[in-house]
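Below is a short report on a single protein chain. The sequence and structure come first, and the text then goes through selected features.

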Amino acid sequence: MLLDIIKQLIEKPSITPNDCGCQAYITEFLATLGFDIMELPYGNVKNLWATYGIAKPLFVFAGHTDVVPPGPLDKWRSDPFKATVRGDYLFGRGAADMKGNIAAMLVACKDFLSRYPKINGQIGFLITGDEEGIAENGTKKVVEYLQQQNIFIDYCLIGEPSSENKLGDVIKIGRRGSISGKLTVHGKQGHIAYPHLADNPIHSSVSVLQELISYHWDEGNDFFQPTQFQISNIHAGTGAGNVTPADLSVDFNFRYSSEHSIKSLQTIVLQILERHKLKYTLEWQYSGKPFLSNPNKLSSSLQNIIYAVTEINPTFSTAGGTSDGRFLIDISKELLEFGLTNQTIHKIDECIKIADLQNLKSIYEKLLADLLMN
């Protein structure tokens with residue numbers, strides 16, 4: 001059943017924000033188990049909120065059905081939207097991030113409820129189609145709706161591919177914050193042979209960018225890596241070899257620790273720009289603040305079960321990019337991310353180890369039993 005479900009999901013090319021029937025498939029599966037289903041579309045994004053039971057505590061599986069584009073199709077060894085088994089591995093876009101994890105959630109829930117139809121709590125599924133994109137109409141909006149309904153989560157498990165080298169080696173207990181900037185440095189276009197009649201923004205920007213790159217932002221702390229500044233794109237020029245440009249544009253991003261706030265980062269950047277007396281405009285885009293879930297019953301249970309299934313003692317981490325945990329933390333008493341390995345996510349020939357899929361299902365199922373039946 002696990003392989004059948006993941007194949008069904010992979011073969012729906014649900015590139016953000018297109019759902020392509022993924023959530024209808026999940027809805028039908030959960031409805032047969034007795035879940036109450038609520039569809040929560042916002043804009044062009046489909047979202048799903050499903051619950052089983054009415055008691056406390058509320059345990060929620062959270063995840064996303066959207067995937068990133070596959071890239072050049074001729075680089076894949078097989079069709080990225082045709083789940084393909086080769087040896088011990090299953091290949092396809094979304095296999096690890098995160099349709100395999102969703103398949104494990106669904107089967108774990110089915111097997112758990114077949115043994116315990118009357119549970120000491122409630123199970124929820126929050127599935128969005130807008131996690132890999134701008135994430136404005138996905139989990140963020142569903143969380144706002146749940147807050148309005150006074151619904152709060154006791155245990156939230158996001159099925160992100162947290163494992164690194166082996167299934168079970170890493171549990172994410174938080175994430176760094178993310179803020180991006182688009183800097184445009186203004187100059188004056190001119191003939192390259194007459195620089196005194198122009199103002200080359202490339203030249204005036206070099207020392208500024210070098211200072212931003214080499215600036216020591218912080219040391220991080222016990223839970224977070226040091227804040228990182230990275231440039232992703234630089235553009236200037238008309239394409240002609242004898243024309244100095246009028247403007248230079250730079251896209252940059254901070255992945256920042258809890259040692260900083262948005263305001264403190266923005267203040268330092270503006271101080272550097274002003275000190276170099278640049279003519280510039282700067283636009284900011286905020287993705288999410290750092291968050292950290294204090295380890296409690298969910299984390300201790302998950303650690304013990306992972307060891308029982310894999311004989312691996314997992315470590316806690318906040319590394320990696322952003323996730324929907326930045327929204328869910330506002331309504332969750334305890335929140336963790338745990339799933340398959342992330343070595344091939346977003347890459348050509350994304351794949352998972354088939355044995356890991358079964359072990360992940362077992363971990364999820366045992367976790368439900370430990371939290372909702374004891």
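## Ala240 and its loop

Ala240 is partly exposed, with a relative accessible area of 36%; buried stands for under 20% relative accessible area, exposed for over 50%, and partly exposed for what lies in between (1.4 Å probe, protein chains only). The residue sits in the loop between S12 and strand S13 (243-244). Helices (H or I, at least four residues) and strands (E, at least two) are DSSP runs, numbered from the N terminus.

## Basis of the model

The model is predicted: local features need pLDDT of at least 70 and side-chain atom pairs count only at pLDDT 80 or more, while totals for chains, interfaces and linings use all residues. Residues are numbered from 1 along each chain as its sequence is written, and side-chain values use heavy atoms, with hydrogens and water left out.

## The chain as a whole

The chain holds 9 helices and 19 strands, and its C-alpha trace spans about 80 × 45 × 40 Å along the principal axes. Of its 374 residues, 52% are buried. Among contacts (heavy atoms within 4.5 Å) with a separation of 6 or more, 80% are between residues 24 or more positions apart.

The accessible surface of the chain is about 16800 Å², and carbon and sulfur atoms account for 50% of this area; accessible areas come from the Shrake-Rupley method with a 1.4 Å probe, and for residues only the protein chains shown count as cover. There are 34 positive and 41 negative side chains, and the centres of the two sets lie 1 Å apart. Lys and Arg count as positive and Asp and Glu as negative, without His and the chain ends; a charge is placed at NZ of Lys, CZ of Arg, CG of Asp or CD of Glu.

## The four-stranded sheet

An open sheet of 4 strands runs in the order S12-S14-S10-S15, with antiparallel pairing; two strands pair if DSSP finds at least two bridges between them. Its edge strands, each pairing on one side only, are strand S12 (228-236) and strand S15 (280-288). Neighbouring strands of this sheet are turned by 15° against each other on average, direction ignored. S12 and strand S14 (residues 247-256) pair in the antiparallel sense over 8 bridges, and Arg255 in S14 is the bridge partner of Gln228.

Two helices pack on this sheet. Helix H5 (residues 201-214) touches strand S10 (177-186), S12 and S14, and its direction makes about 165° with that of S12. Helix H6 (residues 262-275) touches S10, S14 and S15, and its direction makes about 160° with that of S15. Axes are lines fitted to C-alpha atoms, for helices over the stretch in contact, and angles run from 0 to 180 degrees between N-to-C directions.

## The three-stranded sheet

A further open sheet has 3 strands in the order S4-S5-S19, with antiparallel pairing. Strand S4 (84-86) and strand S19 (351-353) are its edge strands, each pairing on one side only. Strand S5 (residues 89-91) and S19 pair in the antiparallel sense over 3 bridges, with Leu90 opposite Ile352 in S19.

Helix H1 (residues 2-10) lies across S4, S5 and S19 and runs at about 20° to S5. Helix H9 (residues 354-372) also lies across S4, S5 and S19, running at about 70° to S19.

## Thr51

Thr51 belongs to strand S2 (residues 47-52) and is buried, at a relative accessible area of 13%. Apart from neighbours within four places in sequence, Thr51 contacts Phe35, Asp36, Gln122, Ile123 and Gly124.

## Backbone exceptions

Most residues other than glycine have a negative phi, and most peptide bonds are trans. Lys56 and Pro57 are joined by a cis peptide bond with omega of about 5°; Pro57 is in the loop between S2 and strand S3 (58-64). Another cis peptide bond joins Asp97 and Met98, with omega of about -5°, and Met98 is in helix H3 (residues 95-115).

Ala135, not a glycine, has a positive phi of about 60°. This residue is in the loop between strand S6 (122-128) and helix H4 (139-148), and counts as buried at 1% relative accessibility. Asn150 likewise has a positive phi of about 60°; Asn150 lies in the loop between H4 and strand S7 (153-158) and is exposed, with a relative accessible area of 60%.
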